[in-house]
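Visitor: I would like a close look at a single part of this model, with the pieces put together in order. Please begin with what the record says.

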Amino acid sequence: MSEPQSFEVLIIGAGPAGLGAALYTARAQLKTLVLGFPFKSAIAKAEKVANYLSYPDMVGGKEFQERSLAHCKKYGAVHLEEEAVNLQPREGGGFLVETDKRQSFAAKAVIIACGKSYKLAGIKDEQRLTGKGVHYCVVCDGFFFKDKRVCVIGHANYAAHEALELLPYTKDLTLFSNGRPWEVSPELLAELKAHQVKMRAEKVLAFEGEKGLETVLFEGNQREKFDGAFVAFGATGATAFANKLGLEMQGTNIQVDAHQQTNLPGVFAAGDCTGADAQAVKSAGDGCSAALSVVRFLRGKTAYIDYKET
Ligand SMILES: Cc1cc2nc3c(=O)[nH]c(=O)nc-3n(C[C@H](O)[C@H](O)[C@H](O)COP(=O)(O)OP(=O)(O)OC[C@H]3O[C@@H](n4cnc5c(N)ncnc54)[C@H](O)[C@@H]3O)c2cc1C
């Protein structure tokens with residue numbers, strides 16, 4: 001392991017939360033390192049980002065990430081495509097992170113912005129058609145399916161909730177349990193029935209279509225036309241690298257207060273890894289709050305001064 005390079009702020013994650021935080025810490029003249037893979041961010045998978053304020057003409061997820069990274073680097077943030085594999089307190093104060101490239105970095109404060117991954121259903125051509133008819137987030141993409149024929153794949157409460165969220169856009173909705181027993185609460189079940197959401201148990205074998213989803217193939221070689229499919233098995237966290245820290249978690253969410261402070265002084269968290277309202281603009285906002293908290297933590301100031309205009 002190399003001698004650690006020192007930074008004032010270490011940000012783990014290069015999605016909207018991490019880059020959103022880096023923009024503020026870098027502009028506050030804090031020596032900032034961002035670790036992570038901009039094109040592995042959830043937003044990089046979005047075909048079009050249609051609900052980020054100030055992008056009325058939409059932007060592809062990859063371009064969104066390119067622009068965000070360039071914005072942070074413009075103000076001096078350092079970015080490395082490395083994975084944090086261990087984060088722990090450092091003797092004498094601060095924190096030490098080790099990466100998959102056998103490098104180590106020391107920092108006085110840390111912002112964890114490692115996002116979450118949507119669970120894949122493992123259906124043939126699911127990844128090829130992601131963003132092209134196969135989706136994971138109704139808040140993000142439900143709008144594109146006004147009055148279309150849509151299915152939701154999932155057997156539990158999350159899927160039922162996603163199906164109900166689609167109702168303002170379309171009434172032609174089918175929920176498929178994909179061969180699994182239903183685990184939907186009586187309350188959600190009653191709502192699904194009240195809104196005539198069809199519930200079927202067939203196993204889904206493949207998503208089909210050249211440029212976008214056209215049909216869904218079921219066990220028994222049955223094929224049906226659908227304009228959209230929402231895979232709804234929930235999300236998994238990625239905080240194993242922080243196991244030794246003793247972070248307070250609720251399920252897979254890192255617990256934070258209103259200023260993105262975790263239970264550990266000097267450790268902040270932002271974005272999807274903290275749960276609730278998984279949206280890019282919310283993650284970037286969390287990143288901003290976490291960065292302002294870091295500035296106060298390191299400088300003891302009550303107000304953030306954004307003094308480097310160029
Ligand atoms: C297909 C799809 C479409 C979407 N469409 C929209 C949309 O249109 N509008 C919208 O607002 N939201 C959309 N979302 C949701 C949005 O993408 C997320 O809410 C947002 O990206 C969360 O930002 P984040 O920074 O918290 O996490 P992410 O963007 O997921 O970024 C996580 C970052 O952490 C890094 N990372 C993880 N673990 C480590 C580690 N150990 N070491 C170093 N780095 C690590 C990853 O490499 C990545 O850079 C969509 C999501 C998906 C999947």
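Visitor: At which residues does UniProt place the feature "domain: FAD/NAD(P)-binding"? After that, please take me through domain 2 (134-231).

Guide: The model is predicted. An unreviewed UniProt entry puts the feature "domain: FAD/NAD(P)-binding" at residues 8-282. Over that stretch, 19% of the chain is helix and 27% is strand. Its end C-alpha atoms are 25 Å apart.

Where they meet, four residues of domain 1 contact four residues of domain 2. On the domain 1 side of this contact, three residues are nonpolar, one is polar and none is charged.

An open sheet is formed by five strands in the order 8-15-9-10-11, with parallel pairing. At its edges are strand 8 (134-135) and strand 11 (198-200), each of which pairs on one side only. Further in, strand 9 (residues 150-153) and strand 10 (residues 173-176) are joined in the parallel sense over four bridges.

Two packed helices are described by the angle between their axes and the distance between the axes. For helix 4 and helix 5 (residues 186-194), the axes come within 10 Å and cross at roughly 35 degrees. This crossing of helix 4 and helix 5 is left-handed. Helix 4 brings N157, A160, H161, A163 and L164 to the contact, and helix 5 brings L188, E191 and L192. By class, five of the residues in this contact are nonpolar, two are polar and one is charged.

There is another open sheet, with three strands in the order 12-13-14 and antiparallel pairing. Strand 12 (204-208) and strand 14 (222-225) are at the edges with a single partner strand each, so one side of each has no neighbour in the sheet. From one strand to the next, the twist averages 20 degrees. Strand 13 (residues 215-218) pairs with strand 14 in the antiparallel sense over four bridges. Within that pairing, F218 has Q222 of strand 14 as its bridge partner.

Terms used
Residues are numbered from 1 along each chain as its sequence is written. This is a predicted model: local features need pLDDT of at least 70, side-chain atom pairs count only at pLDDT 80 or more; totals for chains, interfaces and linings use all residues. Domain bounds come from an automatic or database domain assignment. Two residues are in contact if their C-beta atoms, placed from the backbone, lie within 7 Å. Ala, Val, Leu, Ile, Met, Phe, Trp, Tyr, Cys and Pro count as nonpolar, Asp, Glu, Lys and Arg as charged, and the others, Gly among them, as polar. UniProt positions are given in the numbering used here, feature names are shortened, and annotations may be inferred rather than shown by experiment. Helices (H or I, at least four residues) and strands (E, at least two) are DSSP runs, numbered from the N terminus. Two strands pair if DSSP finds at least two bridges between them. Axes are lines fitted to C-alpha atoms, for helices over the stretch in contact, and angles run from 0 to 180 degrees between N-to-C directions. A crossing is left-handed if the near helix is turned anticlockwise from the far one by less than a right angle, and right-handed if clockwise.
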